[in-house]
Amino acid sequence: MTSQLFSPYKLGALELSNRIVIAPMCQYSAEDGKATDWHTIHLGHLALSGAALLFIEATAVEPEGRISPLDVGLWSDETEAALGKVLDAIRKHSDMPIGIQLAHAGRKASVAAPWQGGGQLGLDQGGWQTLAPSPIAFGSHPRAPLALDLAGIARIRENFAASAKRAARLGLNAIELHAAHGYLLHQFLSPLSNRREDQYGGSLENRMRLPLEIFDAVREAVPASIPVGFRVSGSDWVAGGWDIEQTVAFAEALEARGGDFIHISGGGLSSEQQVPLGPNYQVPFARAVKQATGLPTIAVGLITEPDQAEAIIGTGDADLVALARGMLYDPRWPWHAAAQLGASVKPPSQYLRSQPRQFGKLFG
């Protein structure tokens with residue numbers, strides 16, 4: 001039988017050769033928001049993997065929106081030029097579509113890289129004052145964020161649109177807006193972090209307002225040929241927080257506005273989360289959204305085996321599957337999945353002679 005994982009798919013106007021997506025993965029390797037040679041190496045080898053779509057890591061729309069001082073940004077001519085240099089190098093050797101995740105870290109900003117402890121940086125350590133919907137600190141962070149006023153909200157909305165325009169100029173093929181993992185737009189969505197009493201807080205409709213306004217601004221800022229969607233957390237994994245029912249409502253609102261896809265992860269908002277880790281542990285979120293809407297869904301959640309990914313697509317739980325850590329561990333995962341499932345991939349010509357004898361049709 002023909003592999004469903006390796007069947008083509010159309011995401012908005014974007015033609016994809018299979019159903020495998022490489023999820024955004026922070027590298028903490030930028031210099032003043034500018035992508036570096038590390039990004040050429042990292043993204044370059046993933047662009048040779050045989051996946052259908054590669055997303056660049058969470059990319060800040062303003063300096064204060066970086067998770068750490070080492071995060072990539074797209075807020076200036078300098079950051080745009082640096083990322084353009086990386087993309088130019090990759091495109092000489094790969095025709096894989098490349099998307100970008102635009103983000104603002106909100107109260108989770110101003111921290112050290114994970115291998116440097118990951119704690120909140122002091123203002124005398126290169127850190128900065130963080131921003132959020134409400135002045136509620138994340139976890140054990142000693143410095144609480146400032147609550148955004150309406151002018152600050154408008155500025156961030158405009159900065160998302162401005163970064164999207166830069167992404168379009170760079171020829172990027174898709175835009176994902178980051179509303180997952182406890183970052184700013186997720187902070188607005190969740191009642192645990194959003195205690196506002198104005199039009200951006202309180203009811204579900206109000207808490208969804210800013211992410212949806214940002215979608216509208218980005219959608220208007222870029223050509224219709226570029227699919228625009230969201231990454232969301234399907235649940236905070238905390239009682240009384242954001243949950244799958246609210247996620248479905250958000251997906252329905254996004255679909256009504258012309259959203260092209262939704263990429264459903266989970267958690268990241270609260271240090272009190274209780275996450276039931278295991279294979280496919282977040283796939284039910286994608287299934288629920290897919291059953292309730294016509295919105296193309298991307299599933300994640302410890303998807304590591306080819307048969308596992310094939311079943312997710314074959315049973316209709318999701319339209320696409322995304323891998324992150326699994327791709328770091330095995331950057332040729334799509335090759336190996338195709339070999340196991342009897343499908344084929346398109347390698348660079350320089351690697352054609354690596355085809356194993358027992359998989360004579362792997363490289364088409």
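Me: What makes β8 and β9 a pair of strands?
Reply: Strands pair if DSSP finds at least two bridges between them, and β8 (residues 174–179) and β9 have five, running in the parallel sense. Strands here are DSSP runs of E with at least two residues, helices are runs of H or I with at least four, and both are numbered from the N terminus. One facing couple is leucine 177 and phenylalanine 230, the latter in β9. Keep in mind that this is a predicted model, where local features need pLDDT of at least 70, side-chain atom pairs count only at pLDDT 80 or more, and totals for chains, interfaces and linings use all residues. Residues are numbered from 1 along each chain as its sequence is written, and side-chain values use heavy atoms, with hydrogens and water left out.

Me: Which way do β9 and β10 run, and how many bridges join them?
Reply: They run parallel, with five bridges. Phenylalanine 230 has isoleucine 262 as its bridge partner in β10.

Me: What do β9, α6 and β10 make together?
Reply: A right-handed β-α-β unit. Right-handed means that, with the strands pointing away from the viewer, the path from the first strand over the helix to the second runs clockwise.

Me: How do you know that β9 is mostly covered?
Reply: Six of its six residues (228–233) are buried. Buried means under 20% relative accessible area, exposed over 50%, and partly exposed in between (1.4 Å probe, protein chains only). On one side sit Val228, Phe230 and Val232, on the other Gly229, Arg231 and Ser233.

Me: Why is the pair of phenylalanine 215 and phenylalanine 230 called tilted?
Reply: Rings of Phe, Tyr and Trp (its six-membered ring) pair if their centres lie within 6.5 Å; planes under 30 degrees apart count as stacked, over 60 as edge-to-face and the rest as tilted. These two rings have centres 6.5 Å apart and planes at 35 degrees, so the pair is tilted. Phenylalanine 215 belongs to helix α5 and phenylalanine 230 to strand β9, so the contact ties together parts 15 residues apart in sequence. Both phenylalanines are buried.

Me: And what makes tryptophan 335 and phenylalanine 363 edge-to-face?
Reply: The angle between their planes is 70 degrees, with 5.2 Å from centre to centre. Tryptophan 335 sits in helix α10 (residues 333–341) and phenylalanine 363 in the segment after α10. At 8% relative accessibility, tryptophan 335 counts as buried; phenylalanine 363 is buried too, at 11%.

Me: What makes arginine 166 and aspartate 77 a salt bridge?
Reply: A salt bridge needs a side-chain nitrogen of Lys or Arg within 4 Å of a carboxyl oxygen of Asp or Glu, and here the N to O distance is 3.0 Å. The partners are 89 residues apart, arginine 166 in helix α3 (residues 150–169) and aspartate 77 in helix α2 (residues 77–91). They also belong to a salt-bridge network with Glu80 and Arg169.

Me: Are arginine 166 and aspartate 77 buried or exposed?
Reply: Arginine 166 has a relative accessible area of 13%, so it is buried. Aspartate 77 stands at 55%, so it counts as exposed.

Me: How do you know that lysine 108 lies over the face of phenylalanine 138?
Reply: A charge sits over a ring if NZ of Lys or CZ of Arg is within 6 Å of the ring centre and within 35 degrees of the ring normal. Lysine 108 lies over that face at 4.8 Å from the ring centre. Lysine 108 also lies over the face of tyrosine 183, at 4.8 Å from the ring centre.
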